[in-house]
Amino acid sequence: MKTRIISFLLLLSLAAGLSAQSVTYQPTESNLKARQEFQDNKFGIFLHWGLYAMLATGEWTMTNNNLNYKEYAKLAGGFYPSKFDADKWVSAIKASGAKYICFTSRHHEGFSMFDTKYSDFNVVKATPFKRDIVKELADACARQGIKLHFYYSHLDWTREDYPWGRTGRGTGRPNPKGDWKSYYQFMNNQLRELLTNYGPIGAIWFDGVWDQDGNPEFDWQLAEQYELIHKLQPACLIGNNHHKTPYPGEDIQIFERDLPGENKAGLSGQDISQLPLETCETMNGMWGYKITDQNYKSTKELIHYLVKAAGKNANLLMNIGPQPDGELPEVAIQRLREVGEWLNQYGETIYGTRGGLVAPHNWGVTTQKGNKLYVHILNLEDKSLFLPLDKKVKKAVSFKEQSPIRFTKAKNGVLLELTEIPKDIDYVIELTID
């Protein structure tokens with residue numbers, strides 16, 4: 001009898017645990033539609049902007065230099081980005097061909113870039129600027145037809161109620177244990193504001209769960225938080241940059257500084273899920289503005305990253321760190337314009353596509369839309385290319401000129417014959433297949 005009681009209690013405990021993990025999460029029809037639109041969009045721009053821009057040493061400068069949280073807060077008194085123009089930002093980003101923007105509503109430094117009732121440490125109350133940057137950006141995105149996503153930090157190097165994690169231990173906060181109940185309520189209050197006061201939001205992009213990885217007993221209570229988000233805006237997608245296989249309740253899978261299936265940066269060794277995929281990368285070396293970092297990727301590198309992401313069935317979220325004066329760096333504007341010029345010509349081979357039938361190779365990738373297979377040749381040193389393809393090819397043309405490409409059926413595939421070695425940034429061949 002005692003054994004039966006114990007077994008029954010174990011079953012109840014297991015059931016409660018399963019409930020807490022939201023294993024029964026069923027995305028709504030509007031959420032599933034939003035996932036498809038997200039995949040179709042393929043290209044977004046990440047914007048890391050906060051008080052750290054004033055120090056011009058990157059977004060991790062507070063913890064890297066053990067800056068006291070009370071001293072750091074004084075930066076707000078001088079934050080006045082006089083050249084900030086949300087419409088100008090959105091216009092430049094729209095010209096790049098990007099379909100959405102992900103903006104840092106609150107980063108690890110704890111400073112809110114929006115008018116929040118739940119903390120005075122925000123851009124309206126604590127700065128002489130006194131303008132709601134998130135509101136102006138949301139309005140500009142709505143006017144220009146660009147989706148807006150919000151980055152939101154799970155950790156905080158400033159708030160005394162956030163329990164100490166792996167980072168931010170040197171910022172002078174007095175209570176290592178914090179007050180989780182208070183902090184969790186604070187986060188959910190802010191998320192409610194973001195999803196209530198700024199119109200339809202495409203996604204909430206979480207970051208920072210990894211800060212408590214050394215504490216196996218810590219419970220982020222993500223299931224309840226995710227449920228709140230989906231209740232407020234069912235179509236709002238949830239992604240979490242925890243560097244693990246997605247948790248129940250998440251709608252997209254994020255890869256940091258790596259394409260899905262690669263792990264060169266050491267942050268993306270997780271399995272690839274069936275959810276929509278997104279890889280985030282920096283345009284130069286940092287996420288936040290760093291005055292000494294002018295190592296911007298070339299237009300060719302950016303296009304190749306976008307194409308490779310599409311070939312791996314993923315979106316590219318490319319980051320820019322705005323300057324402390326409120327302008328986007330001039331080099332970033334130039335890169336946006338040049339990528340946009342390329343997408344004006346080749347966007348059909350990227351937008352609305354999925355990873356193609358031919359897996360990525362050293363020479364490039366394929367994308368696909370219906371019966372069109374787009375062969376993106378990025379690095380080929382021969383005049384011929386073998387494609388391991390078991391479908392019948394009805395027609396082959398160069399995408400740009402629509403001129404015929406010779407092809408012959410070979411064993412286990414098709415051999416494309418070119419008149420010269422491709423020298424384009426991306427030489428695209430369009431195949432019509434059965």
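**A strand pairing and a helix crossing**

Lys-409 stands opposite Val-414 in strand 15. The model is predicted, with local features requiring pLDDT of at least 70 and side-chain atom pairs pLDDT 80 or more, while totals for chains, interfaces and linings use all residues. Residues are numbered from 1 along each chain as its sequence is written, and side-chain values use heavy atoms, leaving out hydrogens and water.

Strand 14 and strand 15 (residues 413-417) run antiparallel and are joined by 5 bridges; strands here are DSSP runs (E, at least two residues), numbered from the N terminus, as are helices (H or I, at least four). Pairing requires at least two DSSP bridges between two strands. An open, antiparallel sheet is formed by 3 strands in the order 12-15-14. Its edges are strand 12 (384-387) and strand 14 (406-410), each of which pairs on one side only. On average, neighbouring strands of this sheet are turned by 20° against each other, direction ignored.

Turning to the helices, the axes of helix 10 (residues 299-311) and helix 11 (residues 330-346) cross at roughly 50° and come within 10 Å. Helix 10 is therefore oblique to helix 11 (angles under 35 degrees count as roughly parallel, over 145 as roughly antiparallel, 65 to 115 as roughly perpendicular and the rest as oblique). Axes are lines fitted to C-alpha atoms, for helices over the stretch in contact, with angles running from 0 to 180 degrees between N-to-C directions.

In the contact (heavy atoms within 4.5 Å), Thr-299, Leu-302, Ile-303, Leu-306 and Val-307 of helix 10 meet Arg-335, Glu-338, Val-339, Trp-342 and Leu-343 of helix 11.
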